[in-house]
Amino acid sequence: MNKKSLLFSVFPIFRGVVAATVVLLATGNNAFACESACPRSVRNTECQAPPPGESEPLLDLVEVMPKFRRGDVIAFRSWVMGRVRLPDDARDFQGGRVMVTFVVEADGSVAGIEVLSAPTPSMGAEVVRVVAQSPKWTPGTRAGEPVRVRMNLPIDFF
């Protein structure tokens, strides 16, 4: 038995800690923003053409990710989960995860909120309502310039 397997068999709690550490290290300091439809080969580049009338590209990963009240997307997730309420028509659900995507604009405002998945439409609408109330963020930057950044956020209902 090698040292690694001995460590994991003697201290099973390390398995979860090591796995969480590996996930955080692999995704950088923003564990949720890295989940994207863009292939890894185009990360840190323009993922899509800007919408008509807009000149700035939409990015998934930048040098300095947007910050929420001197925190990151994890602080924002806590902020949202503290304000979201389970809709009346979803009371029968044991829980579920709503996945939303949104854009932190170059001026720090939140826009383009979309539900990627939700157990019920009302649960998705509730998360959209709360995310839309977000105060301004510190925008992400690329080459020292503020840019539009797409963020993905899971919200758990219990």
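**Contacts, burial and helix packing**

Guide: Contact means heavy atoms within 4.5 Å. Not counting residues up to four places away in sequence, Glu105 touches Ala111, Pro139, Val147 and Arg148. This is a predicted model, in which local features need pLDDT of at least 70, side-chain atom pairs count only at pLDDT 80 or more, and totals for chains, interfaces and linings use all residues. Residues are numbered from 1 along each chain as its sequence is written, and side-chain values use heavy atoms, with hydrogens and water left out.

Visitor: Does one call Glu105 buried or exposed?

Guide: Buried means under 20% relative accessible area, exposed over 50%, and partly exposed in between (1.4 Å probe, protein chains only). Glu105 has 17% relative accessibility and therefore counts as buried. Ala118, at 34%, counts as partly exposed.

Visitor: How is the packing of two helices described?

Guide: One gives the angle between their axes and the distance between the axes. Axes are lines fitted to C-alpha atoms, for helices over the stretch in contact, and angles run from 0 to 180 degrees between N-to-C directions. Helices are DSSP runs (H or I, at least four residues), numbered from the N terminus. Helix 3 (residues 73-83) and helix 4 (residues 121-132) pack at about 120°, with axes 10 Å apart.

Visitor: Which residues of helix 3 and helix 4 meet?

Guide: Phe76, Trp79, Val80 and Arg83 of helix 3 meet Glu126, Arg129, Val130 and Val131 of helix 4.

Note on methods. Helix = DSSP H or I, 4+ residues; strand = E, 2+ residues; numbered from the N terminus.
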